Amino acid sequence: MKILLPVDGSGASLDAVHHALRLIREGLAAELVLANVQEPASLYELLRAHDAEVIENLTRAAGEHSLQAAAALCAQAGVECDQVLGQGEPAHLLIDMAEDAGCGLIVMGSRGKGDTPGTRLGSVAHALLHDSRIPVTVVHPREREDT
């Protein structure tokens, strides 16, 4: 089974990575696909950069940066993972990524960087639960030792 892990660098997305790694450690035969979706460039960014290639490079770098901590967790656990980057509307693009990769499960944090504090379920998680034909597991934040 392949598991898509939407990762934005937030603690919640890393909790989902820990959950998937625990499933593998407990015996689930699975491959991991780390996915990051960057929103399209804003009008301000387009006006400032003047160059589509510059914007594309910045977007790719931001996506790669967002995947670093999750990829490091996988490496520490000895679990190989694929990485995919995209740009667009996150929920629908993540569904497309999961289908294209042949994933049988999506495991994600309950809310990421862009969500309003105090909400229990982020907008992307909410959309995936409603729109995905692939099963979605939402991992709620775990207690951290540093809190």
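Residues are numbered from 1 along each chain as its sequence is written, and side-chain values use heavy atoms, with hydrogens and water left out. Because the model is predicted, local features need pLDDT of at least 70 and side-chain atom pairs count only at pLDDT 80 or more, while totals for chains, interfaces and linings use all residues.

The score pLDDT is the predictor's confidence in each residue, from 0 to 100. The protein chain has a mean pLDDT of 86, with 80% of its residues reaching 70 or more. Helices (H or I, at least four residues) and strands (E, at least two) are DSSP runs, numbered from the N terminus. Where pLDDT is low, the predicted coordinates should not be read in detail.

Next comes the interior. Buried means under 20% relative accessible area, exposed over 50%, and partly exposed in between (1.4 Å probe, protein chains only). A nonpolar core is a set of buried Ala, Val, Leu, Ile, Met, Phe, Trp, Tyr and Cys residues joined through side-chain atoms within 4.5 Å. The largest such core has 21 residues, of which Leu5, Val17, Leu32 and Leu34 touch the most other members. Strand S1 (2-6), helix H1 (11-25), strand S2 (31-38), H3 and S4 each give two or more residues to this core, and H1 supplies the largest share, six residues. Leaving aside neighbours within four places in sequence, Val17 is in contact with Leu5, Val7, Leu34, Ala70, Leu73 and Cys74. A second, separate core of 15 residues includes Leu4, Val37, Cys103 and Leu128.

The loop between H5 and S5 holds Ser132, which counts as buried at 14% relative accessibility. Apart from neighbours within four places in sequence, Ser132 is in contact with Ile95, Ile106 and Ala127. A polar atom of the Ser132 side chain lies 2.8 Å from the backbone oxygen of Ile134.

Finally, the count of salt bridges (a side-chain nitrogen of Lys or Arg within 4 Å of a carboxyl oxygen of Asp or Glu) comes to one. Glu99 forms a salt bridge with Arg133, with the closest N and O atoms 2.8 Å apart. Glu99 lies in helix H4 and Arg133 in the loop between H5 and S5, so the pair ties together parts that are 34 residues apart in sequence. Glu99 is partly exposed, with a relative accessible area of 33%, whereas Arg133 is exposed at 72%.

Methods: Contact = heavy atoms within 4.5 Å. Polar contact = N/O pair within 3.5 Å; in protein donor to acceptor, adjacent residues only side chain to side chain.
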